[in-house]
Amino acid sequence: MRNWEIAPAAGPEVQQSILALLAQVGQSTFSDAVLGQLNQLFPVGSWNVYRTWADRPPVLLFSRSFQRPDVTQRCFQAYRNGIYLNDRSFDSVRSCRQRGRLVLQHLRADEFKNPEHREIIYTRNRVCERLSVTRNEHDGSVTSLNLYGHEDHTSYTDRHIGRFEALAPALFIGIERHITLCSEPAPGNSPIPCAVAPGAAPPARFFLENLNSGLPARELDVCERLLQGMTYDGIAADMQLSRPTVVTYRNRAFARLGINFKNQLFAMHADYQRQRNVAG
């Protein structure tokens, strides 16, 4: 496994791809258009973006295949069902004390030590290698944008990887913005049709993290579900906790946010959305 911090120096062909990427953000054609653009620089059969934690299941934010049957969500479900527990590929990213740094990874399928991981995710789907740009988040999670090379592609060369390194910061930001736009339509408008995966992290979590970056993960989870309209019993079932534990997390989160009631949280979230709509 190769693992290094990004030091981009974009050539003309990469600069052109960055401009094409920015033009597609928020469009229904985003995924196919950007994958097509990427394939002019290096081979990409599929991609995804997900967040993973050391102590709980990962969350898929985005996934898509290019000019082939799309099995990305099926693969991620298998990963979430237990394979992630033995995935050590993000350990070096988690150990980095500097948050918010982008780190590149290049892994071949045979470098995954867990045979179940290799078989279900890579061998069955004829995937040979993964290029990733990752970021260590302030809540202890890792956000990873992953590009997959398949058996019908040439292997990634140093030239391919250099192009990816130059493009990765803009690609990472563009994907984040696209996911946010697809998840958060303006009032009265329909969501943008795009390849945001079912179960993607909704904008409520971004609001909560911006509101107080010190909220622990469990308190974030509870408040996020409250904003989605879930009841305390529903949250307890979804998070596999007791109802009193859910209430405890809520009370701790509310104390950190300086509020006492759920309607105050909803009011703050509504105000946040209005400000974003005005800014947009």
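The model is a predicted one, in which local features are reported only at pLDDT of at least 70, side-chain atom pairs only at pLDDT 80 or more, and totals for chains, interfaces and linings with all residues included. Residues are numbered from 1 along each chain as its sequence is written, and side-chain values use heavy atoms, leaving out hydrogens and water.

**Stop 1: helix α5**

Select residues 115-123, which form helix α5; helices here are DSSP runs of H or I with at least four residues, strands are runs of E with at least two, and both are numbered from the N terminus. His 117, Ile 120, Ile 121 and Tyr 122 of this helix are buried, a term that means under 20% relative accessible area, with exposed meaning over 50% and partly exposed lying in between (1.4 Å probe, protein chains only). These four lie on the same side of α5 because they cover an arc of only 160 degrees around the axis, the arc being that of the directions from the helix axis to the C-beta atoms. At the N-terminal end of α5, show Asn 114, which caps the helix with a side-chain oxygen 3.1 Å from the backbone nitrogen of Glu 116.

**Stop 2: the largest nonpolar core**

Next select Leu 38, Phe 42, Trp 47, Leu 147, Phe 164, Leu 171 and Ile 175, which touch the most other members of the largest nonpolar core, a set of 31 residues. Such a core consists of buried Ala, Val, Leu, Ile, Met, Phe, Trp, Tyr and Cys residues joined through side-chain atoms within 4.5 Å. Several elements each supply at least two of its residues, including α1 (12-24), α2 (30-38), β2 (46-52) and α6 (158-183), and α6 gives the most, with nine residues. Centre the view on Leu 38, which, leaving aside its neighbours within four places in sequence, is in contact (heavy atoms within 4.5 Å) with Val 44, Trp 47, Leu 147, Leu 167 and Leu 171. Another core lies apart from this one and has 21 residues, among them Leu 208, Val 222, Tyr 232 and Val 246.

**Stop 3**

Now select α9 (residues 232-239) and α10 (residues 243-257), which pack at an angle of about 105 degrees with their axes 8 Å apart. That angle makes α9 roughly perpendicular to α10, a label that covers 65 to 115 degrees. Tyr 232, Asp 233, Ile 235 and Ala 236 of α9 meet Arg 243, Val 246 and Arg 250 of α10.

Move to helix α8 (residues 217-227), where Arg 225 is placed. Is Arg 225 buried or exposed? Arg 225 counts as buried, at 18% relative accessibility, and, not counting residues up to four places away in sequence, Arg 225 touches Met 230, Ile 235, Asp 238 and Met 239. Cys 223 is also in helix α8 and counts as buried, at 0% relative accessibility. Beyond its neighbours within four places in sequence, Cys 223 is in contact with Leu 208, Ala 253, Phe 254 and Leu 265.

**Stop 4: two loop residues**

Most residues other than glycine have a negative phi. Select Gln 67 in the loop between β3 and α3, where phi is positive, near 55 degrees; Gln 67 is exposed, with a relative accessible area of 71%. Finish at Arg 126, in the loop between α5 and β5, which has a positive phi of about 55 degrees although it is not a glycine.

Notes. Polar contact = N/O pair within 3.5 Å; in protein donor to acceptor, adjacent residues only side chain to side chain. Axes fitted to C-alpha atoms, helices over the stretch in contact; angles between N-to-C directions. Parallel < 35°, antiparallel > 145°, perpendicular 65-115°, else oblique.
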